[in-house]
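I opened the notebook to record what I looked up, one entry per topic. The entries follow the order in which I went through them.

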Amino acid sequence: MLVNYNPQQCLPSAEDLPDSDDKAVDNELQNLVPSLLKAILALIWSEKMDWFLGIDMGIYYAPDEAAIVPDAFLSLGVPRIIDSDLRLSYVIWEEQKIPIMVLEVVSQTRRGEYTQKKKDYIKLGVRYYIIYNPFRKRKPRLEVYKLEAGDYQLLEGEPVWLSELNLGIGREEGTYQGITREWLYWYDDQGERYLNPEERLLTAQEQLQQERQAKANAIERANRLEQLLREANINPEGNSQV
């Protein structure tokens, strides 16, 4: 009896693979910085369901190799949500898409962000490799590399335009979760920063307050005009005298 052989069926699935390397992040920024980027992306790409941004999640690229666990990565052309249990890890032979962008937030304890991890992401074929080092004083804190001819080339300027994403990325002082400091943000093609969820809510509240104030001012002006007309013995409802 002939049996159809499908090598894909012999590979482990996300459910079969470890979903944690049991290593804690070194500091809050390694979670908060990518969380802010993800929150903004969820707003500006709210109508799109073909992207996924993973945070501190394992990327499996070969069945017999341990997962690579960046601080964050972005993939395009994959389902944003696979089911109610969400993703346990990112398995390339299941997703059929290599992440287009990887972000590493450097802690005071280096983890090979400038050396081994660069090599790993080149080997994997990640288009953009972003390193954010908030502790640097003299060297650039944000470095964005693009894979060209088998090696990473440093992109100039800030915000740095990522053409495949139709987004820029850069640094700016702001407030997120009540914390005011330098954060990473997404930018549009005019170099304008996208607002984070808290800023959008504040802007909406300010607009509502302005509209309410404008309405109150209009009512006050109308009442004053009505009073002036009555003082002049003119009926505000018509042309006849009071």
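I began with Ile81, which in this predicted model lies in the loop between strand 3 and strand 4 (90-91). I then looked up its surroundings on the surface, and I noted that Ile81 forms a nonpolar patch together with Met49 and Leu86, the three having about 300 Å² of accessible area together.

Next I turned to Glu95, which I located in helix 2 (residues 92-95).

I then went to strand 5 (residues 101-105), where I found 5 of the 5 residues buried, so I wrote the strand down as largely enclosed by the rest of the structure. In a regular strand the side chains alternate between the two faces of the sheet. Checking the directions here, I saw Met101, Leu103 and Val105 pointing one way from strand 5 and Val102 and Glu104 pointing the other way, with all of them buried.

Last, I looked up the pairing partners of strand 5. With strand 3 (residues 72-76) I noted antiparallel pairing over 3 bridges, and Leu74 stands opposite Met101 of strand 5. With strand 6 (residues 128-132) I noted parallel pairing over 5 bridges, in which Ile131 of strand 6 is the bridge partner of Glu104.

Conventions:
Residues are numbered from 1 along each chain as its sequence is written. This is a predicted model: local features need pLDDT of at least 70, side-chain atom pairs count only at pLDDT 80 or more; totals for chains, interfaces and linings use all residues. Side-chain values use heavy atoms; hydrogens and water are left out. Buried means under 20% relative accessible area, exposed over 50%, partly exposed in between (1.4 Å probe, protein chains only). Helices (H or I, at least four residues) and strands (E, at least two) are DSSP runs, numbered from the N terminus. Two strands pair if DSSP finds at least two bridges between them. Patches are made of residues with over 30% relative accessible area and no salt bridge: like charges are joined within 9 Å, nonpolar side chains (Val, Leu, Ile, Met, Phe, Trp, Tyr) within 5 Å. Accessible areas come from the Shrake-Rupley method with a 1.4 Å probe; for residues, only the protein chains shown count as cover. A salt bridge is a side-chain nitrogen of Lys or Arg within 4 Å of a carboxyl oxygen of Asp or Glu.
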